[in-house]
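Hi everyone, thanks for coming along. I'd like to walk you through one model today, so please have a look at it first.

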Amino acid sequence: MAERSVRWGILATGGIAAAFAADLVDLADAEIVAVASRRRESAEAFAERFGVERAYGDWESLAADADVDVVYVATPHAAHRAAAGLCLEAGRNVLCEKPFTLNLREAEELVALAREHGRFLMEAMWMYCNPLVRRLKALVADGAIGEVRTVHADFGLAGPFPAAHRLRDPALGGGALLDLGVYPVSFAQLLLGEPDGIAASAVLSPEGVDLQTGAVLSWESGALASLHCSIVGGTAVTASVTGTRGRIDIPSGFFHPDRFVLHRDGRDPEEFTADPADGPRTSLRHEAAEVMRALRAGEKESPLVPLEGTLAVMRTLDAVRERIGVRYPGEDAAGDGVTARVD
């Protein structure tokens with residue numbers, strides 16, 4: 001792709017779509033040219049707010065818009081398969097919000113579509129694109145703390161959320177695991193890869209989604225990860241990685257940190273802080289910049305958020321759901337919704 005502005009389409013108009021659009025506006029080499037919603041009024045209001053030229057009252061028109069280089073899919077995750085698939089089949093490149101899909105089967109279908117049509121596809125796992133998280137990963141990979149032995153990560157919201165809320169709605173893929181637990185799982189697998197063993201327990205709501213889930217992942221190397229997510233209690237949202245020669249602590253907001261502390265045996269603690277030039281810790285600009293870099297380079301996936309890594313996370317999420325007994329509408333009927341492996 002030539003060195004011109006990358007032209008974005010935004011599919012959906014909720015809070016995360018607005019946050020992403022606000023960060024795109026601040027990137028000189030990005031342009032939002034179209035937005036779509038199933039309600040034309042929503043698309044028009046969004047377009048007016050962000051100065052977008054075209055507003056569509058259906059997804060199909062956005063997918064067919066040849067002026068769009070890449071579509072950011074920001075629907076609730078139960079609609080990711082349909083929305084991203086529509087865009088890929090129409091020849092659009094896609095950045096799809098996390099969790100990538102409801103289950104592994106849907107994720108594999110999207111990856112297959114991207115490869116069939118020769119399109120770029122990436123999960124919007126902004127944590128992986130965060131400069132400070134990338135620095136942490138590099139330190140671990142370089143052996144700064146020796147061989148990793150334990151990972152801890154938690155993400156909980158206080159709530160309470162009423163039964164009608166999307167986080168409690170099975171039809172929308174509700175529950176703590178897919179909405180929040182995807183971060184602890186992705187953090188652990190960023191450092192250790194796909195686990196060899198999975199144990200999990202949960203407290204379920206009357207609707208059948210998980211209110212809180214705890215999981216222990218294990219690797220043949222001897223490493224363990226203790227992970228927790230909740231929509232009934234606000235947690236510290238911290239993470240730590242312990243190795244044979246040290247430890248790294250992220251004191252708060254581990255998936256978008258402003259600092260972390262490296263403890264190495266026999267040395268004073270070292271604090272690593274975010275560069276103010278990288279923008280606020282909540283910025284989504286880094287994942288957008290990575291998409292645009294990859295498109296200009298002619299890449300079909302990002303080395304920071306590779307598709308095989310996304311599929312591996314989906315396998316783990318499926319396995320956890322299998323163990324805690326959470327299934328979403330249509331999965332049983334399809335016969336292959338949750339495709340967890342048996343340890």
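Before we look inside, a word on residue classes: Ala, Val, Leu, Ile, Met, Phe, Trp, Tyr, Cys and Pro count as nonpolar, Asp, Glu, Lys and Arg as charged, and the others, Gly among them, as polar. What you see is a predicted model, where local features need pLDDT of at least 70 and side-chain atom pairs count only at pLDDT 80 or more, while totals for chains, interfaces and linings use all residues. Residues are numbered from 1 along each chain as its sequence is written, and side-chain values use heavy atoms, with hydrogens and water left out.

By cavity I mean a set of points, on a 1 Å grid over the protein atoms alone, where a 1.4 Å probe fits but cannot get out; a pocket is an open set with protein on both sides within 12 Å along at least five of seven lines, and lining residues have an atom within 4 Å of a point. Grid points are joined across faces, edges and corners, and a volume is the space filled by probe spheres set on the points.

How many cavities of 30 Å³ or more does a search of the whole structure find? It finds one, and the space in this largest cavity is about 70 Å³. Its lining has seven nonpolar, four polar and no charged residues. Among them are L177, H228, C229 and V320. Helices (H or I, at least four residues) and strands (E, at least two) are DSSP runs, numbered from the N terminus. With that in hand, α8 gives the largest share of the cavity lining, four residues, and α8, β9 (210-218) and β10 each supply at least two.

Now to the largest pocket, with a volume of about 780 Å³. Its lining counts 32 residues, and I16, A74, T75, P76 and R166 lie nearest its centre. Here the classes split into 17 nonpolar, eight polar and seven charged. Again α8 contributes the largest share, three residues in this case.

On to the sheet. Two strands pair if DSSP finds at least two bridges between them. Six strands form an open sheet with parallel pairing, in the order β3-β2-β1-β4-β5-β6. Because β3 (54-56) and β6 (121-123) stand at the edges with a single partner strand each, one side of each has no neighbour in the sheet. From one strand to the next, the twist averages 25°; axes here are lines fitted to C-alpha atoms, for helices over the stretch in contact, and angles run from 0 to 180 degrees between N-to-C directions. Strands β1 (residues 6-11) and β4 (residues 70-73) are joined by four bridges, and I10 faces Y72 of β4. Helix α1 (residues 15-25) lies across β1, β2, β4 and β5, at about 165° to β1; contact means heavy atoms within 4.5 Å.

Most residues other than glycine have a negative phi, and most peptide bonds are trans. A12, in the loop between β1 and α1, has a positive phi of about 105°. Is A12 buried or exposed? Buried, at 12% relative accessible area, where buried means under 20%, exposed over 50% and partly exposed in between (1.4 Å probe, protein chains only). V237 also has a positive phi, near 55°, and is buried at 13%. As for cis peptide bonds, K98 to P99 has omega near -10°, and G159 to P160 has omega near -5°.
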